[in-house]
Amino acid sequence: MQRQTPQRKAIEAAFHSAARPLSPQEILDAARKDVPALNLATVYRTLKRMVDDREIHPVELPGEAARYELQSAAEYHHHHFRCGKCRAVFDLKGCVNGLKKLLPSGFRMTGHDIILYGLCKTCRT
Ligand SMILES: [Zn+2]
Ligand SMILES: [Zn+2]
């Protein structure tokens with residue numbers, strides 16, 4: 001059993017209540033409700049440890065700083081939606097069929113990544 005600091009507990013709670021990929025700043029804002037003295041350097045340090053422990057997984061979007069999601073979410077094949085206004089990233093359920101039809105003749109697909117861009121429900125209104 002590894003030692004759980006209050007900081008790490010607060011960061012874990014932030015992931016569980018958000019249920020979507022979070023940036024270090026979003027994690028800081030959420031976890032500060034439990035640990036007001038938390039700072040961004042501690043968040044980064046804790047995130048690194050949590051990645052090493054395979055508890056969270058980085059979510060890379062082209063040209064952006066990494067966000068993180070729980071390993072339990074990362075293990076399911078899914079894609080992401082990024083809001084262009086609040087810049088929040090959300091999980092999408094499901095996938096699309098027919099990607100192989102896009103391949104030039106003779107090509108073999110080994111994977112795919114899909115990111116949808118737009119406005120989230122809150123920002124749309
Ligand atoms: Zn938004
Ligand atoms: Zn997919």
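This is a predicted model: local features need pLDDT of at least 70, side-chain atom pairs count only at pLDDT 80 or more; totals for chains, interfaces and linings use all residues.
**Group meeting: a zinc site and a helical core**

The 4 donor atoms around the zinc ion (ligand 1) subtend angles of 104 to 117°, which makes the arrangement tetrahedral, a label given to four donors if all angles lie between 85 and 135 degrees. For comparison, the ideal angle at a metal with four tetrahedral donors is 109.5 degrees.

Residues are numbered from 1 along each chain as its sequence is written, chains are lettered from A and ligands numbered from 1 in the order in which they are written, and side-chain values use heavy atoms, with hydrogens and water left out.

Let me stay with the metal for a moment. The protein donors of the zinc ion (ligand 1) are the SG atoms of Cys83, Cys86, Cys120 and Cys123, lying 2.3 Å from the ion; donors here are N, O and S atoms within 2.8 Å of the metal (3.2 Å for Na, K and Ca), and since water is not among the atoms, sites may look incomplete. In sequence, these donor residues follow the spacing C-x2-C-x33-C-x2-C. Cys86 sits in the loop between strand E3 (79–83) and strand E4 (89–92), and Cys123 in helix H5 (residues 121–124), so that this pair, 37 residues apart, links distant parts of the chain. Cys86 is partly exposed, with a relative accessible area of 38%, whereas Cys123 is buried at 13%; buried means under 20% relative accessible area, exposed over 50%, and partly exposed in between, with a 1.4 Å probe and protein chains only.

Now the chain as a whole. It has 5 helices and 5 strands, where helices (H or I, at least four residues) and strands (E, at least two) are DSSP runs numbered from the N terminus. Read along the sequence, the pattern is α-α-α-β-β-α-β-β-β-α. The C-alpha atoms fill a box of roughly 55 × 40 × 25 Å, taken along the principal axes, and buried residues make up 32% of the 125 residues.

Which residues touch the most other members of the largest nonpolar core? Of its 17 residues, they are Ile11, Phe15, Ile27, Leu38, Val43, Leu47 and Ile56; a nonpolar core is a set of buried Ala, Val, Leu, Ile, Met, Phe, Trp, Tyr and Cys residues joined through side-chain atoms within 4.5 Å. Helix H1 (6–18), helix H2 (24–31), helix H3 (40–52) and strand E2 (67–70) each supply at least two residues of this core, and H1 gives the most, with 4 residues. Leaving aside residues up to four places away in sequence, Val43 touches Ile11, Pro24, Ile27, Leu28 and Leu38, a contact being heavy atoms within 4.5 Å.

I turn next to charged pairs. The count comes to 7 salt bridges, each defined as a side-chain nitrogen of Lys or Arg within 4 Å of a carboxyl oxygen of Asp or Glu. One of them joins Glu55 to Arg8, with the closest N and O atoms 2.6 Å apart. This pair, too, links distant parts of the chain, Glu55 being in the loop between H3 and strand E1 (56–59) and Arg8 in helix H1, 47 residues apart. Glu55 is partly exposed, with a relative accessible area of 22%, while Arg8 is buried at 6%. Arg8 and Glu55 also belong to a network of salt bridges that includes Glu12 and Asp53.

By contrast, the side chains of Lys48 and Asp52 meet in a salt bridge (3.2 Å, N to O) within helix H3, where, being 4 residues apart, they are separated by about one helical turn; both are exposed.

Finally, a point about the backbone. Most residues other than glycine have a negative phi. Arg54, however, in the loop between H3 and E1, has a positive phi of about 60°, and at 62% relative accessibility Arg54 counts as exposed. Arg87, found in the loop between E3 and E4, likewise has a positive phi, near 65°.

Conventions. Four donors count as tetrahedral if all angles lie between 85 and 135 degrees; four count as square planar and six as octahedral if opposite donors are over 155 degrees apart and all others between 65 and 115; anything else is irregular.
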